[in-house]
Amino acid sequence: MNNKREKTTKTNNQNDNTFEGGEEEQQRALIQCAELVLPYLHQADLASTSLTCKALKNISNFITLRRSSDASRSCEDFPIPFINSIDNQAYSYFIYSPTQILSTAVQQQPWGYDPEARTDMINPVRCSDTFLFRVEGARWCECQRGCDRTSGCPCLDYVEFGAWECGPGCGCGSECGNRVSQRGILMKLKIVKDRRKGWGLHAAEFIRKGKFVCEYAGELLLTKEAQSRQQIYDKLALSPALLVVKEHLPSRDLCMRMNIDATRVGNVARFINHSCDGGNLATTLLRSSGSVLPRVCFFSSRDIQNDEELSFSYGDTRLNNQGLPCFCGSSCCFGILPSENT
């Protein structure tokens with residue numbers, strides 16, 4: 001009789017262990033799934049998910065800490081943290097991409113590029129190709145040790161036509177001195193919350209005049225799509241990061257327009273605020289040999305001190321009743337932000 005009791009007790013314990021092991025397995029599966037899904041959630045959805053259970057709360061807290069400590073999600077050489085002493089917003093949600101990417105509408109156009117080289121729209125952060133459209137068969141410089149005046153690099157002959165770098169058709173490597181904008185952000189920056197302006201990009205170290213700071217990365221849009229998105233942003237009362245660049249060609253008869261939307265996908269340039277006096281950044285259309293489209297890049301127009309906010313001019317300002325207020329604080333502030341219509 002005693003033997004039967006011992007046997008029964010042992011069997012019950014085994015069943016308990018099996019049940020506990022099943023719960024542990026389910027929890028591990030939940031955590032694995034959450035670690036895949038939660039990083040893509042917006043801030044409000046992530047906060048709601050954290051209230052579900054302790055495991056999801058821990059994962060959500062970890063994701064929040066990771067997002068607030070580095071906006072670039074480890075895509076740049078230095079972490080770019082969010083700093084907020086104004087309210088409880090830990091960060092601003094967006095998907096980080098260090099370079100321009102193609103929107104879905106642009107991808108569907110018959111541009112003739114290699115479909116195998118398309119940008120991964122599911123996870124734009126994987127995009128590492130600086131050049132969206134290339135000149136097929138382009139062969140430019142064949143420099144092996146880097147390009148400068150002493151090497152006779154032909155790419156430097158184009159400087160008179162504007163800012164120019166070596167590109168995808170050149171024989172020089174990524175460390176070439178004529179590719180300063182193609183290695184990502186190489187200085188320390190931070191994103192700081194202001195009570196009136198919202199988030200703004202600041203220097204986290206001294207930046208000398210003439211240094212490359214960053215490019216304006218985001219989704220490259222067709223004009224029709226850009227106008228449609230702007231209408232949506234206006235209805236939702238959002239502050240978009242849609243940059244419209246118009247370049248008049250030398251003949252003045254044609255104008256090239258680029259629409260770069262960093263509202264959903266982009267890099268830290270989306271946080272650079274406007275200044276009516278031109279700010280401390282110079283906007284440059286940078287071309288590369290063998291690449292069709294230029295890139296919008298920012299260089300320091302003067303020495304920039306540590307903790308100083310980075311800014312540039314969004315364009316000419318024309319007063320209108322529907323424009324957003326400007327809080328740049330410069331002595332020549334017009335009181336209203338430029339818009340695409342100006």
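## Basis

The model is predicted: local features need pLDDT of at least 70, side-chain atom pairs count only at pLDDT 80 or more, and totals for chains, interfaces and linings use all residues. Residues are numbered from 1 along each chain as its sequence is written, and side-chain values use heavy atoms, with hydrogens and water left out.

## Aromatic pairs

A pair of aromatic rings is described by the distance of the centres and the angle of the planes. Here rings of Phe, Tyr and Trp (its six-membered ring) pair if their centres lie within 6.5 Å; planes under 30 degrees apart count as stacked, over 60 as edge-to-face and the rest as tilted. By this rule there are eight aromatic pairs. One of them is Phe-94 with Tyr-96: the centres are 6.0 Å apart and the planes stand at 50°, so the pair is tilted. Both Phe-94 and Tyr-96 are buried, where buried means under 20% relative accessible area, exposed over 50% and partly exposed in between (1.4 Å probe, protein chains only).

For Phe-212 and Phe-299 the ring centres are 5.5 Å apart and the planes are at 65°, so this pair is edge-to-face. The pair links distant parts of the chain, 87 residues apart: Phe-212 belongs to strand β7 (residues 212–215) and Phe-299 to strand β13 (residues 295–300). Strands (E, at least two residues) and helices (H or I, at least four) are DSSP runs, numbered from the N terminus. Phe-212 counts as buried at 11% relative accessibility, and Phe-299 is buried at 15%.

## Cluster and charges

One aromatic cluster is formed by Phe-82, Tyr-91, Phe-94, Tyr-96, Trp-199 and Phe-271. A charge sits over a ring if NZ of Lys or CZ of Arg is within 6 Å of the ring centre and within 35 degrees of the ring normal. Arg-270 lies over the face of Phe-94, 4.4 Å from the ring centre. Lys-193 lies over the face of Trp-199, at 5.2 Å from the ring centre.

## Strand β10 and its partners

Two strands pair if DSSP finds at least two bridges between them. Strand β10 (residues 255–266) runs parallel to β2, joined by two bridges; Ile-95 stands opposite Val-265 in β10.

Strand β8 (residues 218–221) pairs with β10 in the antiparallel sense over four bridges, and Glu-219 has Asp-261 as its bridge partner in β10. Strand β9 (residues 242–248) is also antiparallel to β10, over seven bridges. Leu-243 stands opposite Ile-260 in β10.

## Ser-97

Ser-97 is in the loop between β2 (95–96) and β3 (101–102). This residue is buried, with a relative accessible area of 0%.
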